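These entries record what I looked up in the structure shown below.

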Amino acid sequence: MGIYIGSDGWLAVIFIYLPVTGSIIWMLYSALTKLDLKIEAKLVTICSLVIVAAMILFAEVIMIGHQSKQLCKNAGMHVYKTVKANSIYGKHTKTLLSRPGSNFDFVEETSFDKTYRYYISNGIVKKELIESPASRYWSIQDDKYVHKKIKQERTYVIDTLTNESLGELLNYRIYPGWYESLFINQDEDVGRCFTGLSTGQVDLITKIFIPANY
């Protein structure tokens, strides 16, 4: 987890924003002391700069930190229902055929606008081109931004006959605010809640589906 998550953004404020902002204010203060101004005017100017800096710099990171902390409470794997099935459609489902404890007769994937059915014959994984998936259950990936700096990554399994969600994996990626983007790549996340999506989909499917011949 990053400096935003679990701290409401205060760690980012303490370790990133305060030192830089303090340095800027000190330089401005040093410049003001050289000007022929009354002490009251200098204090008012410095206090105004501190308030403006806090509003501009700290507000965004605290807001992102608070929201990501709340969202991360729901991150991870959630299984709502288990079912029996002999097939499934979705991305990267081919690995299920060789997964211990998985007894799917076949799985289906779409790649480059073409849908294939994979199955095992004489110990070898084979595939055939099909017009459309025949599987009742689909594994779907749905990524979207729930905040301009927070991206939700969701993989869920759905029953296409009832439109019921059987389970899901939730992850949230936190991206740098405008200030951090001046120093680091704004396309690289600075924190995440749950990092098991790459292999978690297989684990989720294994937990949801009971072998059809069980």
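**Entry 1. A term needed at the outset.** I call a residue buried when its relative accessible area is under 20%, and exposed when that value is over 50%. I also note that the model is predicted.

**Entry 2. Thr-93.** Is Thr-93 buried or exposed? I found a relative accessible area of 1% for Thr-93, which is under 20%, so Thr-93 counts as buried. I located Thr-93 in the loop between strand 3, residues 87–90, and strand 4, residues 106–111. I then looked for a polar partner of its side chain. A polar atom of the Thr-93 side chain lies 3.1 Å from the backbone oxygen of Gly-90. Setting aside residues up to four places away in sequence, I listed Ile-88, Val-107, Glu-108 and Glu-109 as the residues that Thr-93 touches.

Entry 3. I turned next to Ile-88, one of the residues touched by Thr-93. Which residues have the most contacts inside the largest nonpolar core? I found them to be Ile-88 and Phe-209, in a core of 18 residues. Strand 2 (83–85), strand 5 (114–121), strand 9 (164–174) and helix 3 (197–208) each give two or more residues to this core. Helix 3 supplies the largest share, with four residues. Another core, of eight residues, lies apart from this one, and among its members are Leu-71, Cys-72, Ile-150 and Cys-193.

**Entry 4. The chain as a whole.** I counted three helices and eleven strands. Read from the N terminus, the order of elements is α-α-β-β-β-β-β-β-β-β-β-β-α-β. Of the 214 residues in the chain, 40% are buried. Among contacts with a separation of 6 or more, 54% join residues 24 or more positions apart. The chain exposes about 12,700 Å², and carbon and sulfur atoms supply 58% of that area.

**Entry 5. Confidence.** I noted a mean pLDDT of 77 for the chain, with 64% of its residues at 70 or more. Over residues 6–10 the pLDDT is below 50, and this stretch has eleven contacts in the model beyond near neighbours in sequence. Where pLDDT is low, the predicted coordinates should not be read in detail.

**Entry 6. The hairpin at Asn-122.** How many residues lie between strand 5 and strand 6 in their hairpin? I found two residues between them. Strand 5 and strand 6 (124–130) pair in the antiparallel sense over seven bridges. One of the bridge pairs joins Ser-121 to Ile-124 in strand 6. Asn-122, in the turn, has a positive phi near 55 degrees and is not a glycine. Its relative accessibility is 77%, which is over 50%, and therefore I recorded Asn-122 as exposed.

**Entry 7. Asn-163.** I found another positive phi at Asn-163, about 65 degrees, again in a residue that is not a glycine. Where is Asn-163 placed? It sits in the loop between strand 8 (150–159) and strand 9. The relative accessible area of Asn-163 is 62%, so Asn-163 is exposed by the cut-off of over 50%.

Technical notes: Residues numbered from 1 in each chain as written. Predicted model: local features only at pLDDT ≥ 70, side-chain atom pairs only at ≥ 80, totals over all residues. Heavy atoms only, no water. Buried < 20%, exposed > 50% of the residue type's maximum accessible area, 1.4 Å probe, protein only. Polar contact = N/O pair within 3.5 Å; in protein donor to acceptor, adjacent residues only side chain to side chain. Contact = heavy atoms within 4.5 Å. pLDDT = per-residue confidence, 0-100. Core = buried A, V, L, I, M, F, W, Y, C linked by side-chain atoms within 4.5 Å. Areas by Shrake-Rupley, 256 points an atom, 1.4 Å probe, with all protein chains shown as cover. Pairing = 2+ DSSP bridges.
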